[in-house]
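Have the coordinates open and try each one before reading its solution.

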Protein chains: 2
Amino acid sequence: MTTETLPGVSVTTRANVYFDGKCVSHGVTFPDGTKKSVGVILPAQLTFNTGAPEIMECVAGACDYKLAGSDRWLTSAAGERFSVPGNSSFEIRVTEAYHYICHFG
Amino acid sequence: MTTETLPGVSVTTRANVYFDGKCVSHGVTFPDGTKKSVGVILPAQLTFNTGAPEIMECVAGACDYKLAGSDRWLTSAAGERFSVPGNSSFEIRVTEAYHYICHFG
């Protein structure tokens with residue numbers, strides 16, 4: 001079961017563009033102030049650093065990811081999610097577009 | 001005056017990826033059913049075809065554009081918008097990321 005829409009949100013019109021456009025996201029804010037982002041990662045291998053803890057929820061496509069301190073690549077596909085600790089990092093390897101919701105905190 | 005947020009919308013979590021990622025957008029639906037999209041075009045020169053008429057509103061960055069049947073390039077920057085007829089096309093030339101809201105109809 002994938003999350004196809006996020007209802008009742010305020011969307012930030014300016015995109016976040018990372019890694020020369022290999023990752024593009026838009027921020028959304030819920031009525032209670034909760035912030036998330038919806039985005040896509042295009043075929044690439046990238047390393048992301050976290051400030052706050054993050055939960056990456058895949059809504060379409062798939063990725064392989066490896067958390068900091070692990071030597072194990074795992075797969076996350078549509079309907080699945082993985083958690084990343086705060087002040088940490090993860091590598092992500094995408095061969096088909098990976099569409100996601102990023103939940104913070 | 002730029003439109004920084006679109007409040008009270010439902011956002012489609014899966015991105016629209018065009019031209020190998022040179023254009024990425026997310027669809028949004030308003031409570032009355034009106035659909036728009038928020039997106040970004042990265043440095044490139046692209047040709048877009050329209051079905052419905054579109055109004056392209058720039059929220060950050062800038063572009064040059066040329067409507068079908070015109071030989072004149074015009075510039076659109078943050079806070080500005082241009083209209084494209086339905087069943088037509090336009091060329092767009094972007095040298096810095098062009099962030100937009102696309103209004104249909």
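Contact here means heavy atoms within 4.5 Å. Keep in mind that the model is predicted.

**Exercise 1.** Work out how many residues of chain B are in contact with chain A, and find the area buried between the two chains.

*Solution.* 
- Start with the cut-off of 4.5 Å: 28 residues of chain B are in contact with 28 residues of chain A.
- Next, take the area: about 2000 Å² is buried between chain B and chain A, and carbon and sulfur atoms give 67% of it.

**Exercise 2.** Count the salt bridges between chain B and chain A, then the residue pairs in polar contact.

*Solution.* 
- The salt-bridge count is 0.
- For polar contacts, 11 residue pairs are found, with both residues at pLDDT 80 or more.

**Exercise 3.** Which strands of chain B each supply at least two residues of the side that touches chain A, and how do the S1 strands of the two chains run?

*Solution.* 
- The strands are S1 (5–12), S3 (23–29), S4 (35–41), S6 (54–60) and S11 (98–104) of chain B.
- S1(B) gives the largest share, 8 residues.
- Finally, follow S1 across to chain A: 5 bridges join strand S1 (residues 5–12) of chain A to S1(B), and the two run antiparallel.
- To see the pairing in the viewer, pick Val11(A), which stands opposite Leu6(B) in S1(B).

Key: Residues are numbered from 1 along each chain as its sequence is written. Chains are lettered from A and ligands numbered from 1 in the order in which they are written. This is a predicted model: local features need pLDDT of at least 70, side-chain atom pairs count only at pLDDT 80 or more; totals for chains, interfaces and linings use all residues. Side-chain values use heavy atoms; hydrogens and water are left out. Buried area is the accessible area (1.4 Å probe) that two parts lose on being put together, summed over both. A salt bridge is a side-chain nitrogen of Lys or Arg within 4 Å of a carboxyl oxygen of Asp or Glu. A polar contact is a pair of N or O atoms within 3.5 Å; within protein, one must be able to donate a hydrogen and the other to accept it, and residues adjacent in sequence count only if both atoms are side-chain atoms. Helices (H or I, at least four residues) and strands (E, at least two) are DSSP runs, numbered from the N terminus. Two strands pair if DSSP finds at least two bridges between them.
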